[in-house]
Amino acid sequence: MTRQLVAPTSLSPLPYDLNAGVPDDASLPSRELAEAAVRAIEQDPAGALTYGGALGYEPLRTWIAARYSQETGLNVTPAHLTLTSGSAHAIDNIAAAFIAPGDVVITGAPTYPGAIRSFRARGARIVDVPQDEDGIEMVSLASTLEHQRAIGVPAKLIYVIANYDNPSGSTLPVHRREELALLAARYHALVVEDDAYTGIDLEGPPPTSLYQIARGEGILRVGTFSKTIATGLRVGWVLADPAIVRALAYMRFDNGSTPFVQRMVYEYLQTGVYDAHVEQLRAIYKERRDTALAAVLEHCSDYVTCDVPRGGFFLWLTLRAGLDAMRVFETAKTYGVAVTPGHGYYPNGGGENRIRLVFSALPPDELRKAVVLFGKACAEVAAGTLASR
Ligand SMILES: Cc1ncc(COP(=O)(O)O)c(C=O)c1O
């Protein structure tokens, strides 16, 4: 039996790619990473070039643990961390360890398609709850958890992107986080707090994490260096109770992620340039977000509306009544612009009037041109829609 899974998004061959959620090419720290790679191999060739074990390079786990301890005031140790091949693999590892066929996973609608794929691939049934501009709606979450318990299939896991959601850009306010943590504890559901966009704060730091609110109880916090260093590294992690971390390590069969790259990242971090690098990224992405918003307002406001994301890489557009996202997507292609139609972000249908635009990848000038062309595509679809009425 083959399962029906949403196709993954990928880099587009079109001249203007507003589809792939990737960092700015020009700010990839390639020289620093090359130097770090040399040090990683020269200092301990056998360590870098031999299987490294399921949990990953301990000094890197210690570095991440120290950061989380500082951020949360909790005693986070390397035993609370396992390194994965990006956060996509972290989600897959969690699904492998905790999801059996028929288990219920709750997600937002919309949510990250990679998570939908991973959970479905393990046979999960995804029950979605609506999102508003502040993320997952708590009344719906509470009633969904209650309903699942009442019908004898309690939710196993709640998956949430509390900061700068992909695709909606929403950030869950602290009172919703507190409520979510309480609900999860009451209904004995694990929470996967996917923090892939951590650090890409465009309006100051985000609210307290779910992990911190729940003092780590029942929370699996997923992180990555993809958005703040480079997607090609494939270095992510899960922060959770040591017993959960051991269960994750037990359920992976790949001999661990690459020790060489983990050491290279560690060597890079040791130079102390990371925080300044992330600060620079924030300035770059803030300018791009504002450029994209201004261009959407100027050239697309007859056709779309959108909220202002406080961080991350995305504008999440709502199309004017009557405009269909697939038609806008197809027409935008003819203008050389790749965007992402909304339906792939909805586990159980929806999103026909939604489009995701990535503002992180293109420099401001190109971004502006791309949005102008996107506006022309919207106008063409709108004219066709009117004509066919
Ligand atoms: C919400 C979310 N989680 C996880 C990932 C996976 O990122 P990576 O595997 O590169 O860490 C992405 C990538 O776009 C994402 O948007």
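Me: Leaving aside its neighbours within four places in sequence, which residues is I158 in contact with?

Reply: The model here is a predicted one. A contact may link residues that stand apart in the sequence, and I158 shows this: beyond its neighbours within four places, I158 is in contact with I106, A184, A189 and V191.

Me: Which residues touch the most other members of the largest nonpolar core?

Reply: The largest nonpolar core holds 75 residues, and those touching the most other members are I94, I158, V191, L210, L220, V238 and V265. Helix α4, residues 86-98, supplies the largest share of this core, with six residues. Another core lies apart from it and has 42 residues, including Y303, W316, A325 and F359.

Me: How should I read a sheet, and in what order do the eight strands stand?

Reply: The general idea is that strands of a sheet pair through backbone hydrogen bonds, either parallel or antiparallel. In this model, eight strands form an open sheet with mixed pairing, in the order β2-β9-β8-β7-β6-β3-β4-β5. At its edges stand β2 (81-84) and β5 (135-136); each has a single partner strand, so one side of each is left without a neighbour in the sheet.

Me: Where in this sheet may I see strands that run antiparallel?

Reply: Please look at strand β8 (residues 219-224) and strand β9 (residues 236-239), which run antiparallel and are joined by four bridges.

Me: Which strands does β3 pair with in the parallel sense?

Reply: One is strand β4 (residues 125-132), which pairs with β3 in the parallel sense over six bridges. In this pairing, I106 stands opposite V127 in β4. Another is strand β6 (residues 155-160), which runs parallel to β3 and is joined to it by three bridges. There, V105 has L157 of β6 as its bridge partner.

Me: Is strand β3 largely enclosed or open, and why?

Reply: Burial is judged by counting the C-beta atoms around a residue, and 20 or more others within 10 Å make it buried. In strand β3 (residues 104-109), six of the six residues are buried, so the strand is largely enclosed by the rest of the structure.

Me: What unit do β3, helix α5 and β4 make?

Reply: Together, β3, helix α5 (residues 113-121) and β4 make a β-α-β unit, and it is right-handed.

Me: Why does V129 count as buried?

Reply: V129 lies in strand β4. V129 counts as buried because it has 21 C-beta neighbours inside 10 Å. Not counting residues up to four places away in sequence, V129 touches I106, G108, A109, I136, E137, S140, L141 and T144. For T144, compare sequence with space: V129 and T144 are 15 residues apart in sequence, and 7.5 Å apart from C-alpha to C-alpha.

Me: In what order do the four strands of the open antiparallel sheet stand?

Reply: The order is β10-β11-β14-β13. The edge strands are β10 (304-306) and β13 (340-341), and each pairs on one side only. Two bridges join β13 to strand β14 (residues 354-358) in the antiparallel sense, and P341 has I355 of β14 as its bridge partner.

Me: Are Y164 and R215, two residues with positive phi, buried or exposed?

Reply: Y164, which is not a glycine, has a positive phi of about 55° and lies in the loop between β6 and α7. Y164 is buried, because 25 other C-beta atoms lie within 10 Å. R215 has phi near 50° and is found in the loop between α8 (210-213) and β8. R215 is exposed, with 12 other C-beta atoms within 10 Å.

Me: Which residues come nearest to the ligand?

Reply: Of the 14 residues around the ligand, G86, S87, A88, T224 and S226 come nearest. Helix α4 gives the most to this shell, with three residues. By class, the shell has four nonpolar, nine polar and one charged residues.

Note on methods. Residues are numbered from 1 along each chain as its sequence is written. This is a predicted model: local features need pLDDT of at least 70, side-chain atom pairs count only at pLDDT 80 or more; totals for chains, interfaces and linings use all residues. A nonpolar core is a set of buried Ala, Val, Leu, Ile, Met, Phe, Trp, Tyr and Cys residues joined through C-beta atoms within 7 Å. Two residues are in contact if their C-beta atoms, placed from the backbone, lie within 7 Å. Two strands pair if DSSP finds at least two bridges between them. A residue is near a molecule or strand if its C-beta atom, placed from the backbone, lies within 6 Å of it. Ala, Val, Leu, Ile, Met, Phe, Trp, Tyr, Cys and Pro count as nonpolar, Asp, Glu, Lys and Arg as charged, and the others, Gly among them, as polar. A crossover is right-handed if, with the strands pointing away from the viewer, the path from the first strand over the helix to the second runs clockwise.
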